[in-house]
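Here is a short briefing on a predicted model.

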Amino acid sequence: MKILLLNVSYAPLELISLEEAICKVYSGEVFLEGDSKFCVAGGTNVHGERSHVVLSPVVRNKTYDKRPAYNIPFSRRILFMRDKNTCVYCGRTIPKGLTRDHVIPKAALYHPDVRNRVPQSKRHLVNPSYIHGWGNSVTSCKRCNREKGHSIPDIKHIKERKTPCLADMIYLGLNREQKKIFTNFITPFLKVMKEKEIQNEFIGEH
Ligand SMILES: [Zn+2]
């Protein structure tokens with residue numbers, strides 16, 4: 001079982017092991033969050049008494065943890081989740097047969113013809129780390145991906161896609177009980193984050 005560790009601000013930090021969580025509770029570093037507390041039996045002391053630690057599926061730091069932002073490695077599973085299994089070109093939502101599409105095609109990296117078709121204002125983005133990154137990757141159905149080929153969509157109007165946040169990653173690893181608690185506690189936090197991100201989603205002139 002994994003325990004969800006939140007920062008003091010309710011921002012999700014990571015999933016930690018039961019043992020780590022027990023240590024944190026024992027040393028008074030965290031608050032227990034949610035109503036579904038449970039008891040974990042610890043070791044036996046010199047008097048033969050068994051210790052018990054009360055835990056909760058979600059714990060929250062008492063002090064602010066200033067850890068650096070975590071870079072989410074690229075994954076198709078998370079890409080499809082981010083785009084809600086919906087093809088960005090035709091708008092169909094399909095559970096299977098989705099592909100990853102590079103908005104500015106990979107060919108722009110090595111074909112001068114393709115590169116020259118990228119609008120001048122976006123040409124500085126033609127580098128491997130941008131092209132292969134989250135910002136240039138979208139979910140597409142097979143048909144739209146095939147039809148698009150090496151062509152460049154009207155990217156002036158295509159938003160730069162969001163890099164999934166740590167919360168998205170953690171959410172994938174939560175059990176049902178944690179998802180419930182996580183949603184209750186973190187929804188207000190995520191709303192604020194979303195509003196901020198929406199403003200950063202646009203690239204170029206917008
Ligand atoms: Zn499509």
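The largest nonpolar core has 13 residues. Those with the most contacts inside this core are I3, L4, L5, V58, V59 and F182. The model is predicted.

**The largest core**
- β1 gives the most, with 4 residues.
- L5 touches L13, E14, I16 and V59, leaving aside residues up to four places away in sequence.

**Another core**
- Another core lies apart from the largest one and has 5 residues.
- Among them are V103, I104, A108 and V138.

**Positive phi in a loop**
- Most residues other than glycine have a negative phi.
- K84 is not a glycine, yet K84 has a positive phi of about 55°.
- N85 is not a glycine either, and its phi is positive at about 55°.
- K84 sits in the loop between α2 (76-82) and β7 (98-102).
- N85 also has its place in the loop between α2 and β7.

**Exposure of these loop residues**
- Is K84 buried or exposed? K84 counts as exposed, because it has 8 C-beta neighbours inside 10 Å and the cut-off for exposed is 12 or fewer.
- N85 has 15 other C-beta atoms within 10 Å, so N85 is partly exposed.

How values were computed
Residues numbered from 1 in each chain as written. Predicted model: local features only at pLDDT ≥ 70, side-chain atom pairs only at ≥ 80, totals over all residues. Helix = DSSP H or I, 4+ residues; strand = E, 2+ residues; numbered from the N terminus. Buried ≥ 20, exposed ≤ 12 C-beta atoms within 10 Å, placed from the backbone. Core = buried A, V, L, I, M, F, W, Y, C linked by C-beta atoms within 7 Å. Contact = placed C-beta atoms within 7 Å.
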